[in-house]
Amino acid sequence: QVQLVESGGGLVQPGGSLRLSCAASGFSFSRYAMRWYRQAPGKERELVATITSTGSSTIHADSVKGRFTISRDNTKNTVYLQMNSLKPEDTAVYYCKAPAFDFWGQGTQVTVSS
């Protein structure tokens, strides 16, 4: 079955960086686009970034453009989210997802605070 395991979250000061990873299994990873979402307390889940199956094209939400970068390694069945210049408003649980499947992982908590 589809499995998505997010990792790399933590507590970071404003202006800091984190790199999130999502290890995928149970499907042909290299054939599917992948996305990162986030959900802050009391808010709806927000689409953060999308990457095509080959990694040749990416889209980032305006709120993270220029600070976050989605990438993938199809040899490792892993998608990444490099997050730089973090702000307190980036605090959320971050999830990866393959749009083709109705499955969510457990997410990883990112907290940006001094």
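## Strands and pairing

Two strands count as paired if DSSP finds at least two bridges between them. Strands are DSSP runs of type E with at least two residues, helices are runs of H or I with at least four residues, and both are numbered from the N terminus. The model is predicted: local features need pLDDT of at least 70, side-chain atom pairs count only at pLDDT 80 or more, and totals for chains, interfaces and linings use all residues. Residues are numbered from 1 along each chain as its sequence is written, and side-chain values use heavy atoms, with hydrogens and water left out.

## Overall layout

The protein has 10 strands and 0 helices. Along its principal axes, the C-alpha trace spans about 40 × 25 × 20 Å. The radius of gyration, taken over C-alpha atoms, is 13 Å; this agrees with a compact globule, because a chain of 114 residues would then have a value near 13 Å. The globule rule behind that figure is 2.2 Å times the number of residues to the power 0.38.

Of the 114 residues, 40% count as buried, meaning under 20% relative accessible area, while exposed means over 50% and partly exposed lies in between (1.4 Å probe, protein chains only). The accessible surface comes to about 5,900 Å², and 47% of that belongs to carbon and sulfur atoms; such areas come from the Shrake-Rupley method with a 1.4 Å probe. A contact means heavy atoms within 4.5 Å. Among contacts between residues at least 6 apart in sequence, 52% join residues at least 24 apart.

## The six-stranded sheet

An open sheet of 6 strands has the order β2-β10-β9-β4-β5-β6, with mixed pairing. Its edge strands, β2 (10–12) and β6, each pair on one side only. From one strand to the next, the twist averages 25°; axes here are lines fitted to C-alpha atoms, and angles run from 0 to 180 degrees between N-to-C directions.

V12 stands opposite V112 in β10.

## The four-stranded sheet

Another open sheet contains 4 strands in the order β1-β3-β8-β7, and its pairing is antiparallel. The edge strands are β1 (3–7) and β7 (68–73), each of which pairs on one side only. Neighbouring strands of this sheet are turned by 15° against each other on average, direction ignored.

Within this sheet, β3 (residues 18–25) and β8 (residues 78–83) run antiparallel and are joined by 6 bridges. R19 stands opposite Q82 in β8.

## Salt bridges

Side chains of opposite charge can pair when their charged atoms come close. A salt bridge is a side-chain nitrogen of Lys or Arg within 4 Å of a carboxyl oxygen of Asp or Glu, and the count comes to 4 salt bridges. One of them joins D90 and R38, at 2.9 Å from N to O. D90 is in the loop between β8 and β9 (92–97), and R38 is in β4 (residues 34–39), 52 residues apart. Both D90 and R38 are buried.

D90 also meets R67 in a salt bridge, at 2.7 Å from N to O. R67 lies in the loop between β6 (58–60) and β7 and D90 in the loop between β8 and β9, so the pair ties together parts 23 residues apart in sequence. R67 and D90 are both buried. Salt bridges that share partners join R38, E46, R67 and D90 into one network.

K65 forms a salt bridge with D62, where the closest N and O atoms are 3.0 Å apart. Both K65 and D62 are exposed.
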